[in-house]
Amino acid sequence: MDADQPPILLSDELTSVIAAARRRAHRDADRQVDTAHVLHAVLESVPDVAAHFDGGRTQVARVLSYLAQRTIGYGMSWHGTVEDSGAVPVARQGPAHWSPAVEAAVVRANGRAAVRGAALAQGFDLFVALTDDRACRAVEVLHGAGVDLESLALRLATEFARRATEAARSNLENGPDMA
């Protein structure tokens, strides 16, 4: 990470997600944590994400199956390569050997959290940020598993707006929570 950039802070939930993604990358013998690793970790550890898929948990299971194929052939063309969706310059190395696309997703997730008045992003924020980058590996996986990305994006935008409105109301009534 550049010395000019502030450190990226993670909530406990995102620390857990990134740790799981890092373990998955290590198990896959990948040098960097990419967005497909992070997607896998989010789907396994953030329960409210499944509600936003057309097929709910059934469709999530299909995506997880698709991700599991990565270690037995699918995604082998990614092995040993740096994921660069163009989100940030490739020369930047994110924390803990994140791909540039993962770093950009975490930064976007924290930006979304700030819009809600929260100090740090949660799993939902990161999932939305992953789907925002249509050139990342996570979106390639979702597409490959048959997820209707436009429909998913609409449901996520609706849910994000609902959460932001709810947080704004709560802040007006109780003062900023920053949780």
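Ala129 lies in helix H5 of a predicted model, in which local features require pLDDT of at least 70, side-chain atom pairs count only at pLDDT 80 or more, and totals for chains, interfaces and linings use all residues. Residues are numbered from 1 along each chain as its sequence is written, and side-chain values use heavy atoms, with hydrogens and water left out. Helices (H or I, at least four residues) and strands (E, at least two) are DSSP runs, numbered from the N terminus. With a relative accessible area of 0%, Ala129 is buried; the term buried denotes under 20% relative accessible area, exposed over 50%, and partly exposed the range in between (1.4 Å probe, protein chains only). When residues up to four places away in sequence are not counted, Ala129 touches Ala105, Arg108, Ala109 and Arg112, a contact being defined by heavy atoms within 4.5 Å.

The ring centres of Phe53 and Phe127 are 5.7 Å apart and the planes meet at 40°, so the pair is tilted. Phe53 belongs to the loop between helix H2 (35-45) and helix H3 (56-68), whereas Phe127 belongs to helix H5 (residues 123-132); the pair thus links distant parts of the chain, 74 residues apart. Both Phe53 and Phe127 are buried.

Two arginines were found over aromatic rings. A charge sits over a ring if NZ of Lys or CZ of Arg is within 6 Å of the ring centre and within 35 degrees of the ring normal. The charged end of Arg112 is placed over the ring of Phe160, 4.8 Å from its centre, and Arg163 lies over the face of Phe124, at 4.0 Å from the ring centre.

In helix H6 (residues 137-144), the buried residues are Arg137, Ala138, Val139, Val141 and Leu142. These buried residues pack against H2, H3, H5 and H7. Gly146, which follows H6, has a positive phi near 85°.

Asp30 is located in the loop between helix H1 (12-27) and H2. Asp30 counts as buried, at 14% relative accessibility, and its side chain makes a polar contact with the side chain of His37 (3.0 Å). A polar contact is a pair of N or O atoms within 3.5 Å; within protein, one must be able to donate a hydrogen and the other to accept it, and residues adjacent in sequence count only if both atoms are side-chain atoms.

The protein as a whole has seven helices and zero strands. Of its 179 residues, 47% count as buried. Among contacts between residues at least 6 apart in sequence, 65% join residues at least 24 apart. The mean pLDDT (the predictor's confidence in each residue, from 0 to 100) is 83, and 78% of the residues reach 70 or more. Confidence is lowest in helix H7 (residues 149-174), at a mean of 91, and highest in H5, at 96. Over residues 88-94, pLDDT stays under 50, and the model has 16 contacts beyond four places in sequence for this segment.

Definitions and conventions. Phe/Tyr/Trp six-rings, centres within 6.5 Å; stacked < 30°, edge-to-face > 60°.
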